[in-house]
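Let's take a friendly walk through a protein model. Keep the picture in view as you read, and try to find each part as it is named.

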Amino acid sequence: MIKKALFPAAGYGTRFLPATKSVPKEMLPVVNKPLIHYGIKECMNAGIFEIGFVTGRSKRAIEDYLDHNPELENQIEGSSKEGLLQEVNEMIEKCTFTYVRQKKMLGLGHAVLTGEPLIGNNPFAVVLADDLCEGDVLSQMVKLYNKFKCTIVALEEVPKEEVNKYGIVAGKEIEDGILMIEDMVEKPNIDKAPSNLAIIGRYILTPDIFDLLRETKPGKGGEIQLTDALLRQAKEGMVIGYKFKGRRFDCGSVKGFIEATNYFYEKDFGGN
């Protein structure tokens, strides 16, 4: 059973400066809910209620959001606005939130390794909040994990000219939309990309990933790449790639953020 999730949330969000100078990128609102809210809701829909955050300096707003605010709640009690806090209060009551700080920004692999004390010897989900997914992608992946009992990464086809922005995989399709991964390259040049199948910000990892990350040498920029550890895991065991059903918004980019805002405005408010 997948009971735990890890949110790497220590990055600076430089593509959204100056807003992210003081506001964590995970707290940027898509209409009236911050990105982190959508990710936690996806976890809950997948039956995951133990949630850890790898944070950094200037990220206290995440902790404050996931805690009660008695002054605000008293102020709006009995008013038409009281219901606006219902969903986040449900998260606070049903989930357990824990936090650890990543002292240096040394890549996603390092962030995941930093979260080991929050996970222990358990399989776990990893959610990158700036990949906002519609369609309960984690629920789909949990069902796959229950079948294959191995690491699973979510995949999406991207335009050839964008492969240098992602971890790109290649492998053998063993079922419709399910690949046994054989190769994996982090942000390859177009002519070196093994495919146009990109890993997006949803993973289910088995706990042996921590030992592999400890043995992973820093790559470009001194960063420890999660894809390097995943490739070794694929070579020595099994890693599944899953072409998920649903839609992903790259809210780490301004274009994707605006697309998500427009989509959820229409979906939740009917454009009114």
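Keep in mind that the model is predicted.

In soluble globular proteins, nonpolar side chains tend to be buried together. Here, the largest nonpolar core has 38 residues, and the members that touch the most others are Phe-7, Ile-40, Ile-48, Ile-51 and Phe-53. Several elements each supply at least two residues of this core, including strand S1 (4-8), helix H1 (35-45), strand S4 (50-55) and strand S12 (239-243). Helix H7 gives the most, with seven residues.

Leaving out residues up to four places away in sequence, Ile-51 touches Ala-5, Phe-7, Ile-40, Cys-43, Cys-95, Thr-96, Phe-97 and Thr-98. Another core lies apart from the largest one; it has 30 residues, among them Phe-124, Val-153, Tyr-203 and Val-239.

Now turn to helix H4, which spans residues 86-94 and has Val-88, Asn-89, Met-91 and Ile-92 buried. Where do these buried residues fall when seen down the axis of H4? They keep within an arc of 150°, so they line one face of the helix. An α-helix has 3.6 residues a turn, so residues three or four places apart point the same way. On the other side of H4, Gln-86 and Glu-93 are exposed. The buried residues of H4 are covered by elements including H1, helix H2 (60-65), helix H3 (70-76) and strand S5 (96-101).

**A threonine in a loop**

Next, find Thr-20, in the loop between S1 and strand S2 (29-30). Is Thr-20 buried or exposed? Thr-20 counts as buried because its relative accessibility is 8%, and the cut-off for buried is under 20%. Its side chain reaches the backbone oxygen of Gly-13 at 2.7 Å. Apart from neighbours within four places in sequence, Thr-20 is in contact with Tyr-12, Gly-13, Thr-14, Lys-25 and Leu-28.

How many disulfides does the structure hold? The count is zero. For Cys-133, which is in no disulfide, the nearest cysteine sulfur belongs to Cys-251. Cys-150 is in no disulfide either, and the nearest cysteine sulfur is that of Cys-43. The table sets out the values for these two cysteines.

| Cysteine | Relative accessible area | Nearest cysteine sulfur |
|---|---|---|
| Cys-133, buried | 9% | Cys-251, 9.4 Å away |
| Cys-150, buried | 6% | Cys-43, 19 Å away |

Note on methods: Residues numbered from 1 in each chain as written. Predicted model: local features only at pLDDT ≥ 70, side-chain atom pairs only at ≥ 80, totals over all residues. Heavy atoms only, no water. Core = buried A, V, L, I, M, F, W, Y, C linked by side-chain atoms within 4.5 Å. Buried < 20%, exposed > 50% of the residue type's maximum accessible area, 1.4 Å probe, protein only. Helix = DSSP H or I, 4+ residues; strand = E, 2+ residues; numbered from the N terminus. Contact = heavy atoms within 4.5 Å. Polar contact = N/O pair within 3.5 Å; in protein donor to acceptor, adjacent residues only side chain to side chain. Arc of directions from axis to C-beta. Disulfide = S-S within 2.5 Å.
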